[in-house]
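Subject: Structure for you to look at

Dear colleague,

Please find the structure below, followed by my notes on what was found in it. I would be glad if you read the two side by side.

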Amino acid sequence: MLAASISLIIISGVILYWIRPHKRPWAGWLAALPPLAVTVWQVSAALPFLRGAAGTEAGSTSALQNGAIIVEQYRWIESLGLELSFRLDGLSLLFGLVISGVGAAVALYTHYYLEDDERQGYFYLSLFAFMASMLGLVWADNLLTLFVFWEGTSVTSYLLIGYSHQSAIARGGARNAFIVTAGGGLALIAGMILLGQQSGTYTISEIVTRPGLTELELYPAILVLVLLGAFTKSAQFPFHWWLPGAMAAPTPASAYLHSATMVKAGIYLLARLHPALSDHPMWLWALLTFGGITMLLGAVTAVRHWDMKALLAYATVSQLGVLTTLLAFRSEAAVLAVVVGILAHALYKGPLFLVAGIVDHATGTRDLRRLAGLRQSLPVTTAVALLAALSMAGIPPLFGFVAKESLLESLFESARHGSLAGWIAFGAAAVAGAFFVTYSLTLMWEAFLRPGANAETDTSGQDNAAQVAQATVHHAPAAPFVAAPLALVALGTIAPFALKPLDTFLTSSAASISGAPVHKHAALWHGFTPVLLTSLLAIAAGVWLFLNRSFLRRTLAQLPENLRGVVIFQKTLDGIYGLGQITARFSQGYTLASQAAIVLLAAFVPVAVALRQVAPNDLLPATSVLPGAPETILILMTVVSAYVTVRVRTSLGAIISLGVVGVSVTLFYVFFSAPDLALTQLLIEVLTVVLLVLVFTKLPPDTRPPMQRLKQARNVLVALAAGAFGFFLVLFNTSAKLQSAQSISGYFLHNAVPAGHGSNVVNVILVDFRAFDTMGEITVLALAALGGYALLNAPRVNLPTARSLRPQSESAESQQVESTDVAEAPKTGSTVEAD
Amino acid sequence: MPELYLRLLNRILTPVLLLLAFYLLFRGHNLPGGGFIAGLMAAAAFQLQILSRGHVRVRRTIGPYLNSSIGLGLAVAICAGIVGLMEGTFFKGVWLSLDLPLLGYLKLGTPVIFDLGVFLVVVSVATSYLLGLSRASDTSARLREGSASPVRSDIHTTDRPELNVDPTRRADS
């Protein structure tokens, strides 16, 4: 059923593409059905399991500890240790439900967001392909299967971010996101192979039960590589900047990929490998450091952004930092807090992104400076936004509050046990909590609650400039458009009151992370504890910061540009391009002869170095037969015509004597009975000679001065070196020593007919035994045709350099991220101080 | 216009060369021949065409298919490898024996399909080079004569725009 669900999603994507959804009013509902079906199926499959777990909670722990609900295996490439194996357990269920549940809401929403967009079908196709990859990622029970789907999410997210491919911002964002996540993917595959080789299995469920992985000598390498993969995917410092850049994606993609699912893939990986790798101080400090920095950095920078999506993006970065920090710890409370945090975040951040999209769609802007008073024009949307934002702020009794309480409590518990790490994390989380409140309030107040210009102009009616700048609702959202975030928010609002039924679900997920049964329970009310006090203090501090936010924004705006990750990345990228240009100029900028010299010497030098190890005796030929009369004549012919080629004055003469060289070599092949080689060589000779004659007769006569002595000498030297290269290579290959060694030619001769079904051994080698080589050769040929096409068809102009788009300065970027042009945004000071 | 004997040779030899190419392609697994050689042979046929009819006309006939058949050849070759993947490993040879009523016993295998892909790539790459180079030499020859503009000759059709049209006719229409 797991594989069937993934196939269902892929097929639905193709169907949605095929029906041209932008012309069908019901397409949104149709699109929501497959993910919804997957959600329902997962719930129905998991219910008996969870009930059973609840029943036996006191005694048997197997169901809670490492119990799988469903296991599926499919044979794939056994020789590589690849198999498609899926396994649904508590953690996979949690992620699977988030992916398919939020996916259903986003699928419905997309149809209304991309109203009348002709490429809606394409978007659905990419979105569903992404959804399938994501489901595969969290259900996979094999490291390599997981990796295949991991890369699938990278590629599909690239397509989704770059959906508006005519916008340079979207292309740049997509490229940056892809380079970072795919680069992390490369590190990850290395880490996974190390992990698989060291533990002796690629099956994840076996790896996590294998003890002693942290004592391996290679553990630090595995850890660093896996963390690189997870941190790049989950936008942890210092890779956090790609996530705000990826906000150029259409809002449904941002809501889905960049808050609910893809960025959680790194978190998922950390959680999945938590039982195997976490029992080491390196794990603790690595996750604590990077998670903590990410958490604070995201929380503080979120406040300064005017674009709703940018603000939410940094808030997401911060939340991802929180989850990473929590995963540093091994306590039951910490892993439970991770589970609650993931669920709560999906249920408030997803809707907030969707709301930002609705606002954008309805008013044409997401700029907080231009938005105000949406509570009057978009009442339902405002209600959704308020519930979600309050949850984000961690205000009781919403789900966000439960998440924050679990977070602070687990960290406080670690701190109370005298752990320094616990105190650090607790302090950082409290500070970040205050900023959570600040940006949530900012978002609520500036976009939705503060009195809008409509109210002002009703009374004064003179502030014309403000009215122009003020965005108004000109396109009321359809009901299903709002229904999608509403459904998610409703779930998030009910959840805290339904913690009892949810309990086994949460604890079984937590048990999958910790690898041991979890007896903690999430609760809405913990009583009057120091944690509650901290929470209240954080809220108070957050409100104070909110009131002083213009000061905060001014301070943050003064930070130097060069510290921004995106700028540093762009500079690095430009540096690489520059290096490429320098290399190209060094190796390809001169005449044809010098390029050929570089290529030939590059072949000659390594062989010359290697041949030094060969004793002269080794070069003795196997059979010492003196050349007969025909061979002698051929040799003489070859040498003479080669000499003539060099010395002859006219180009036509050179071509003809070159042809003679080629034909003499062909005759050698004939003498030594290699008909295939002879045929090939002959055809090549004929074609080149005819072609060269064709070209050279029409070219102007060469009027250049004779070649300089120095260059002539160089050419002679290179030619001699190349000749020596060929000579010694052949001598070595036919030497008695090498012939007596085990040779593969015997194998080819014996197996051509029985195994290759062909009596032409040369051809059987080409297309069967060495087919992979031939594949490479014809690929090179095709590439050469591309190069030739470019050379022969290009008009003689200088091609533009490969310099790409430079990142805009922060303010310019936030302006351009908006979907529509902003007409003269009001200066920040006035609006901020007005409220 | 090229010499008469070339045009006559072209008439006779091109079909022969192409048939020979296919012959070499399909017998290649057991006797000298194969995708590379057959591809070069077919390219020789096109070279003869270029020599006798001029590259513009040849390009008009086969030009549009050249680039796509490079890709097609690669795709065919990869597909042959993927068939092997289904049976075990990439590029594992899979053979099918057919007993056809008229043609007799026929053995068809993925290596033969792979060879077909090689043939397609070789013939298209070689021909596109032949066409490109003959155009380049043509353009430079014209540049040298100073009679023609350096624009690509094949964009404009061979029939030149009528330069000596009576100006009054144009005014009438």
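**Notes on the model**

Helices (H or I, at least four residues) are DSSP runs numbered from the N terminus. Helix H34 itself, residues 745-756 of chain A, has twelve residues, yet its end C-alpha atoms are only 14 Å apart, short of the 16 Å that a straight helix would reach at 1.5 Å a residue; the expected span is taken as 1.5 Å times one less than the number of residues.

This is a predicted model, in which local features need pLDDT of at least 70 and side-chain atom pairs count only at pLDDT 80 or more, while totals for chains, interfaces and linings use all residues. Residues are numbered from 1 along each chain as its sequence is written, and chains are lettered from A and ligands numbered from 1 in the order in which they are written.

As to confidence, the mean pLDDT (the predictor's confidence in each residue, from 0 to 100) of chain A is 81, and 89% of its residues reach 70 or more. The value stays under 50 over residues 455-468 of chain A, for which the model has nine contacts beyond four places in sequence, and also over residues 797-835 of chain A, with 50 such contacts; two residues are in contact if their C-beta atoms, placed from the backbone, lie within 7 Å. Where pLDDT is low, the predicted coordinates should not be read in detail.

Chain A is divided into domain 1 (1-54 + 68-277), domain 2 (285-564) and domain 3 (742-794), with bounds from an automatic or database domain assignment. The C-alpha centres of domains 1 and 2 of chain A lie 23 Å apart, and their contact takes 44 residues from domain 1 and 47 residues from domain 2. On the domain 1 side, the largest share, twelve residues, comes from H4(A), and by class that side has 32 nonpolar, ten polar and two charged residues. Here Ala, Val, Leu, Ile, Met, Phe, Trp, Tyr, Cys and Pro count as nonpolar, Asp, Glu, Lys and Arg as charged, and the others, Gly among them, as polar.

Helix H4 (residues 90-113) of chain A packs against helix H24 (residues 499-514) of chain A at an angle of about 120 degrees, with their axes 6 Å apart. Axes are lines fitted to C-alpha atoms, for helices over the stretch in contact, and angles run from 0 to 180 degrees between N-to-C directions. H4(A) and H24(A) are therefore oblique to each other, given that angles under 35 degrees count as roughly parallel, over 145 as roughly antiparallel, 65 to 115 as roughly perpendicular and the rest as oblique. The residues of this contact comprise five nonpolar, four polar and no charged.

By contrast in topic, the axes of H12(A) and helix H15 (residues 308-327) of chain A come within 10 Å and cross at roughly 0 degrees, which makes H12(A) roughly parallel to H15(A). In this pair, A:Val263, A:Ile267, A:Leu270 and A:Ala271 of H12(A) meet A:Thr316, A:Leu320, A:Leu323, A:Thr324 and A:Leu327 of H15(A).

Finally, some backbone details: a cis peptide bond joins A:Phe237 and A:Pro238, with omega about 0 degrees, and A:Pro238 is in the loop between H9 and H10 of chain A.

With best regards

Technical notes. Helices (H or I, at least four residues) and strands (E, at least two) are DSSP runs, numbered from the N terminus.
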